[in-house]
Amino acid sequence: MIRLSTRLGDILIKLHEDKAPESCANFKQYVEDGFYDGTIFHRVIPGFMVQGGGFEPGMSQKSTRANIQNEANNGLQNMRGTLAMARTNEPHSASSQFFVNVADNAFLNHSAPNPAGWGYCVFAEVAEGMDTVDAIIGLSTGSAGHHQDVPVEDICIDKATVEG
Amino acid sequence: MFDALIADLHLEAGAPEELAQAIDFLAWAKGRCKRLYILGDLFEYWLGDDSPLPGLALFEQALRELSTAGCSVCIMHGNRDFLLGEAFCHSVGATLIREDAVTITLGQRRALLLHGDTLCSDDSDYQQARNILRSPGWQQQFLSLTPPERRLQAQALRQQSKDNSRQKSEQIMDVNATTVDAAAEQYDVDLIIHGHTHRPCWHKEGNRDRVVVGDWHKNGAEVALYHNQTLVLQHWPFKPPLN
């Protein structure tokens, strides 16, 4: 389990290491390295998802390790409460950023092994603390530079820890 | 729960991708939206409730399911579907807004909702035609025709409108600033939400916000969503999480 501590409460995450081994190992490594400590949730869209894991306050982007393979063809669906890896338009381009689905986002699921259909790899789910995620969703957002949907007041992962 | 405001879907059987996007949107809205305002031009054209467009049963079903699930669906006329009537709205559980403009409350703010064509007052030819087409006399005469006759007449009107539009400047077909000011003053609002121009944008006009929602295309549309004291103009479907 991974615990993300925020000022709005904790989010306890259960990894699906059997279904998404590379994504889970990658996420766990970032946690163990303290990479996520002090990063913000920088894209918050009600009815869709909360994204974080790549920016520090002030929207300064952190350098990451190498990109990982997209394991979205593992059968896991982007349902409310699941975590998936964010990426660029290139399917195998996820690094540190992840998002929590706050709705069933079927359009993010894997449908075909091509750039349009690869989808977004679900690798974990929220075991406890969905109320914290919903509290983040309730924050006011605005634009910051060319980024939209950025919380007006920073919401940080104060500490990410591996438990159990 | 959300309030959603959309416009200019221009649905017809000949545009299946737009139709699919709209149905997906309604499925998303179900259980999430407490109010949905459709600010005109839901349909590409409408020849009367006794002559519904073919091929839209799935969309109508989705709308019915949304209203049955407890969402209040309100439909305003646009310049293409101004003959939409109570019978259609009743069949999908929606309320027809007969007025050209209405105000609603979004949190602490009052918002003026309108299709947007009445704000385009520089287009005098259009406004003149609009006055005729919205008159009870013209509508009574039109609806007394058989559906095939109506179709022919509507095709001629649409062709004429298309030909006219081609000759008009972009500016003429956008809103007139003085008319927008007058509407804001008349309704005493500092927030206006409309469609029609197909130029989705959040305009800051002094202390006033004018939010123009977008027309629907195969990749979706810019829609206005209100949630928890915050109004946003957001692309539907939501853009995937990018690094």
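Mentor: Helices (H or I, at least four residues) and strands (E, at least two) are DSSP runs, numbered from the N terminus. We have a predicted model here: local features need pLDDT of at least 70, side-chain atom pairs count only at pLDDT 80 or more, and totals for chains, interfaces and linings use all residues. Residues are numbered from 1 along each chain as its sequence is written, while chains are lettered from A and ligands numbered from 1 in the order in which they are written.

Trainee: Thanks! How many helices and strands are there in chain A?

Mentor: Reading from the N terminus, the elements of chain A run β-β-α-β-β-β-β-β-β-α-β-β-β-β. The count for chain A is two helices and twelve strands.

Trainee: What radius of gyration does chain A have?

Mentor: The radius of gyration is taken over C-alpha atoms, and the globule rule is 2.2 Å times the number of residues to the power 0.38. Along the principal axes, the C-alpha trace of chain A spans about 40 × 35 × 30 Å. With 164 residues, a compact globule would come out near 15 Å, which agrees with the value for chain A, 14 Å.

Trainee: Is A:Pro115 buried or exposed?

Mentor: A:Pro115 sits in the loop between strand E7 (98–101) and strand E8 (122–128) of chain A. The cut-offs are 20 or more other C-beta atoms within 10 Å for buried, 12 or fewer for exposed, and partly exposed in between, with C-beta atoms placed from the backbone. A:Pro115 has 10 C-beta neighbours inside 10 Å and therefore counts as exposed.

Trainee: Which residues does A:Pro115 touch, not counting those up to four places away in sequence?

Mentor: A contact means that the C-beta atoms of two residues, placed from the backbone, lie within 7 Å. On the contact criterion, A:Pro115 touches A:Asn89 and A:Pro91.

Trainee: Which element gives the most residues to the side of chain A that touches chain B?

Mentor: The contact takes 21 residues from chain A and 13 residues from chain B. On the chain A side, the elements giving two or more residues are strand E3 (39–45) and strand E4 (49–56). The one that gives the most, with three residues, is E4(A).

Trainee: And how do the residues of that side of chain A divide by class?

Mentor: Ala, Val, Leu, Ile, Met, Phe, Trp, Tyr, Cys and Pro count as nonpolar, Asp, Glu, Lys and Arg as charged, and the others, Gly among them, as polar. The side of chain A that touches chain B divides into nine nonpolar, ten polar and two charged.

Trainee: On to chain B: how are helices H1(B) and H2(B) oriented to each other?

Mentor: Axes are lines fitted to C-alpha atoms, for helices over the stretch in contact, and angles run from 0 to 180 degrees between N-to-C directions. The axes of H1 (residues 16–29) and H2 (residues 57–68) of chain B come within 9 Å and cross at roughly 15 degrees. Angles under 35 degrees count as roughly parallel, over 145 as roughly antiparallel, 65 to 115 as roughly perpendicular and the rest as oblique. H1(B) and H2(B) are therefore roughly parallel.

Trainee: How many nonpolar, polar and charged residues does the contact of H1(B) with H2(B) have?

Mentor: H1(B) brings B:Leu19, B:Ala22, B:Ile23, B:Leu26, B:Ala27 and B:Ala29, and H2(B) brings B:Leu58, B:Phe59, B:Ala62, B:Leu63 and B:Leu66. By class, these are eleven nonpolar, no polar and no charged residues.

Trainee: How far apart in space are B:Leu83 and B:Trp46, C-alpha to C-alpha?

Mentor: B:Leu83 lies in the loop between strand E3 (72–76) and helix H3 (86–91) of chain B, and B:Leu83 is buried because 21 other C-beta atoms lie within 10 Å. Leaving aside neighbours within four places in sequence, the contacts of B:Leu83 are B:Trp46, B:Leu47, B:Gly48 and B:Gln139. B:Leu83 and B:Trp46 are 37 residues apart in sequence, and their distance in space is 6.0 Å.

Trainee: What is the phi of B:His196?

Mentor: Most residues other than glycine have a negative phi. B:His196 lies in the loop between strand E7 (191–194) and strand E8 (201–205) of chain B and is buried, with 26 other C-beta atoms within 10 Å. Its phi is positive, near 80 degrees.

Trainee: Last one: what is omega for the peptide bond that joins B:Trp236 and B:Pro237?

Mentor: B:Pro237 lies in the segment after strand E11 (230–236) of chain B. The bond between B:Trp236 and B:Pro237 is cis, with omega about -5 degrees.
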